[in-house]
Amino acid sequence: MEAQIKVKRFNPENGAKPFFQDYSIDVSEDSTILDGLIKIREEQDGTLALRCSCRASICGSCSMKVNGSAKLVCKTRIKEVSPQGETVTVEPMSNFPVIKDLVTEMDSFWSKVKSIDPYVKTNFEPEAEHIASNESMTHLLGVMNCIMCGACVSECTALEVDSTFTGPAALAKAYRFVADPRDEDKKERLGKLNESSGVWDCSRCLACVEVCPKDVAPMERIVKMRDLAIEEGYTNTSGFRHTESFSDSIKKHGRLDETRLALESTGLLNISGLIDLAVIGIKSLFKGKIPPPLPHKPKEADKVTNIAKRLDSEESEE
Amino acid sequence: MSKHDLLIIGAGLAGLRAAVEGVRQGLNVAVITKVHPVRSHSNAAQGGINAALTDRGDDWEDHALATIKGSDYLADQDAVEVMCREAGEAIIELENMGVIFSRDEEGKLGTRAFGGQKKARTYFVGAITGSALLHVLYEQSVKYNLHIYEEWFVTKLIKQDGKIAGAIAFDIKTGQMELITAKAVVLATGGAGRVFEPSTNALICTGDGLSLAMQVGAPLMDTEMIQYHPTTLAGNGILLSEAARGDGAYLINSEGDRFMEKYAPDYMELASRDVVSRAEQTEIDEGRGVDGCVYLDLRHLGKKFIEERLGYLQEVALEFRGIDLSESPIPIKPGMHYIMGGIKTDLNGATNIPGLYAAGECANVSVHGANRLGANSLLDTIVFGRRAAVDSVEYIKSAGSLNVDERELSKEKSRIQNILDRPKGMRSAELRNKMGTAMTKGIGVWRDKDSITEAITKMKNLRGQLPNVFIENKGKVFNTDLVSYLELEFMVDVAESICHGADKRLESRGAHFRTDMKSRNDSDWLKHTLVQFAGEELNTTTSDVTITDWQPTERVY
Amino acid sequence: MKFAFYPGCVARGAAPELYKSTMLVVDKLGIELEEIEKAACTGAGVLQEKNQKLGDVLNIRTLALAEQMGLSIMTICSTCQGVISQANHRVVKDPEYLAEINKELEKEGLHYSGKTEVKHLLWILLEDIGIKSLQDMFNIDLSSFNFAPFYGCYLIRPSDALGITENPKRKHSLDIVIESTGASATDYAGKTRCCGFPILLINQKNSLKMVAKHTGDAKDEGADAMVTPCPLCHLNLDGYQAKARRQNNRGKADLPILHLPQLIGMAMGLDAKELGINKHLVSTANFIKSIKTKVS
């Protein structure tokens, strides 16, 4: 079949701006986008630059944007994104500088991975293997599946506005150690991850979960580490106060109390933050839309409260 | 000019294991790799890593015998002994580094069965063992703050007074070329699967180290020993791990029969890979296949089991073929997978060139002989990667200072520039595809005098056409067009060596099955083949196989 | 057409104009609503960070309440929709987990079979009303307007929980609905990105960068207003737009942010003030004026 592939080109050596180039190639029905790109490079245009190696979604080289979202092109069939022969647009990943064409500079990606001390820390070397449950190892398989392709980083909405954010890939990697029963640095790790640019800066937008080609679900790992950090006693964050206040509100009233949430998350000692809230509050009042001081409650809210009590004690027993 | 004690070329498992050891030994180590370390092809090993752990009643000698029988008695038995004795320690060390090996009910390391062995001694991480090991070794490289030339391409090894002195390489990102001196060099560049088309191997497996070694005078050994893996997807040749059969999957033909009963009644689907691949090919040739394939059948294992232990296989089957392994059998066929042959080394990875070492798939110590057992390749990389670095310590101490002639660099620069300056010609991919097809045809599961001779002629012809290849991309930054051509130059050396090895060996042994000489001939051919440059020509000789405790017997599965 | 109605906390709190405009619009659409009065907050993903099972029980409880009423659920909040869908997806694919949750619900005499459908008003317009019938109810031609769609993360991700594979149009639903009014849907990078609300109280600087970027980009692409099916996005994009634009040098807060039912009401010819379009913090005075001038 004939496939139409539009590729975003960039050559740092000729001073020209990035531009789109259209290619038309003859490929077989089950061809992947990578097959198509390789064919272009080998038969039509030797100047096209891209990274690829294994062709089997295990090496993590070939993450690029396909029709706007990051994918491993080796496991994305042309038919899948272009059932009627529509043009497929391929661009380099976002949130990375471009070296040439589809090749991105991954230095900052790797330095963030390095920043989380990505190796198991133990205080002693056992004579044999560490004893660990199969469940604990199988659980880690989920994050060990990460092939460091960068797709999650390309899509991360928090990184888009703040390049210092540790980001989904490095944080998922951090979880691999935090959750490893053999690692003896858990508390220190969580302390560091609790600081700014760490777990609380994730905006929970689910973009990383959506694009991850290996089902690593980085955001879920990040969220889990927030909880683990709290368990370790790291509670002096607005993130903690936010979660706590939100949960309390639901448990007490069955619904969210926005006013109290805002006040409590900001922190009652954070004067400038409180003034800020007051300004928005007064403006809202002016428009006649400030939430009522006593929140609208669902009927029989005590039922919700009872469920919360039961499940909270169940969780703390675990 | 950068200076190091030890330069390791390649950052897969063998390279990283060697590097970590070098740093631990106090050497100034650098690793140079054409892809980021975690992109290396060690990733693709799925099923596991073998070891006989003595504290749970296993015996290294049993592992050694299985390996030697698997090798069809071509492996050097002293090397096999080293590997199998050190395996236990290697596994425990990997676990301590952080590998998340599967566990048994007591929380100790758990095993799965693998081909060619009766005892289950394959330690594993789901179906991503190679990847899990590689990422952990990369973690160790971060811990040891290893110096890595990342995305650098080596074009040439440098010798001084007959000893190795370093390498010339360029930074793929900038095109900047440098002379990097080192008192010792470990080649850990992996396999050469792309010499064939199709192959399970990654696009980077272009035999760079084999050719680099040949160019400085090291011989390749037993290059004719090409492993065809029994379970590769038709079409693009992607691998489906032996772990499937280790965990109980069946092979069935178009009539639904478990045909291995005819070929290996005792071991069934878990006979050695060469045996299973030939069985499949026979079924296909005799008309009991479908579109050139037979089937791998996992249905009876159940969805949950498949997803937990063989998750990556399920992913590959679904993504590339749209097949749910718990619901239908998947068509597979033998596919080029591994080269048992490689740069001849001693038990410490040392080659005949002082200061030059090799480890992993590019090397041949020889532990795999004529057929490698599944899950022995990862072990090979870890054991011999470490040994090479250890051995280099003493050598480096005694090597004296290096005074490499800077003109080496300018000579190499102009060689590359001349290639870039070729005005026009054919594209390198065209030549590479011709090579791949010809190699698969000539040096396949079956081969004979005619097919081998034809392949030799074609390879000679291909070498003659190399100067007609032109590089369309003239830029410095990320010029993959140039890289592909230079890889093709390496591959032609390797391809020709494979053909010559195959031509030399006048018998059938392991993976080398000649339809014109169907039996093993121990009286004449308990020998290694050696291919080496003599001037511009390749010269083929033989050397004896080391036999210690295990006398060759008939090989029945 | 009747649905069990789950308005969500914000429509019942900080954004009363969303509740009101919804009521006006569903009346015209011929949708009858019965509010699930006992339903709790979804937890918005925040409660789930602390105790996922509690979140799941509360959301499955809502689904069970609707099942008792014999109705599918309508939501008017991307976050509510997403969080309930995610809980639903988890129990539907794991019957053992559903049984565990049902054990909890049985204490209240409730049971969930796994069959309740939950749909955002946006999807109902597309799938139940149908674009053609919808257009029949429009009285005003909005073809001279440009509206920037802003979906809200939880209405498009994760796609498997939201049934996007089975209903691929959901991915572009807001664009489709905007275009059905005759208006153009502004094409800009931010429409499926994060509004910043979840980190507003945690990392305000980053949160406001998001607001500034999306509203600024949409304005640069010629949007007259932004339309969102998510009141949480609205809180941030509207409430904090002035501060965000100022802090990030993206000019003044000049992009009105409309709730989805406000757009629909506008196209139906309902009065802007009735719809509460004047209730937003970013001034809508000029926008309301332009409805009159541009349309006539």
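These legends walk through a few close-up views of a predicted model. Because the model is predicted, local features need pLDDT of at least 70 and side-chain atom pairs count only at pLDDT 80 or more, while totals for chains, interfaces and linings use all residues. Residues are numbered from 1 along each chain as its sequence is written, chains are lettered from A and ligands numbered from 1 in the order in which they are written, and side-chain values use heavy atoms, with hydrogens and water left out.

**View 1. The domains of chain B.** Chain B splits into domain 1 (2-225 + 340-398), domain 2 (229-334) and domain 3 (423-519), with bounds that come from an automatic or database domain assignment. Between the C-alpha centres of domain 1 and domain 3 of chain B there are 24 Å.

**View 2. A salt bridge between Arg505(B) and Glu224(B).** The side chains of this pair come to 2.6 Å, N to O. A salt bridge here is a side-chain nitrogen of Lys or Arg within 4 Å of a carboxyl oxygen of Asp or Glu. Across the interface of domain 1 and domain 3 of chain B, three salt bridges turn up.

**View 3. Chain B against chain A.** Contact (heavy atoms within 4.5 Å) brings in 64 residues from chain B and 67 residues from chain A. The two chains bury about 5,200 Å² between them, 52% of it on carbon and sulfur atoms.

**View 4. Arg432(B) reaching Glu42(A).** These two residues form a salt bridge, their closest N and O atoms being 2.9 Å apart. The interface of chain B and chain A holds 12 salt bridges.

View 5. The largest share, nine residues, comes from α4(B). By class, the side of chain B that touches chain A has 23 nonpolar (Ala, Val, Leu, Ile, Met, Phe, Trp, Tyr, Cys and Pro), 22 charged (Asp, Glu, Lys and Arg) and 19 polar residues (the others, Gly among them).

Notes
Buried area is the accessible area (1.4 Å probe) that two parts lose on being put together, summed over both. Helices (H or I, at least four residues) and strands (E, at least two) are DSSP runs, numbered from the N terminus.
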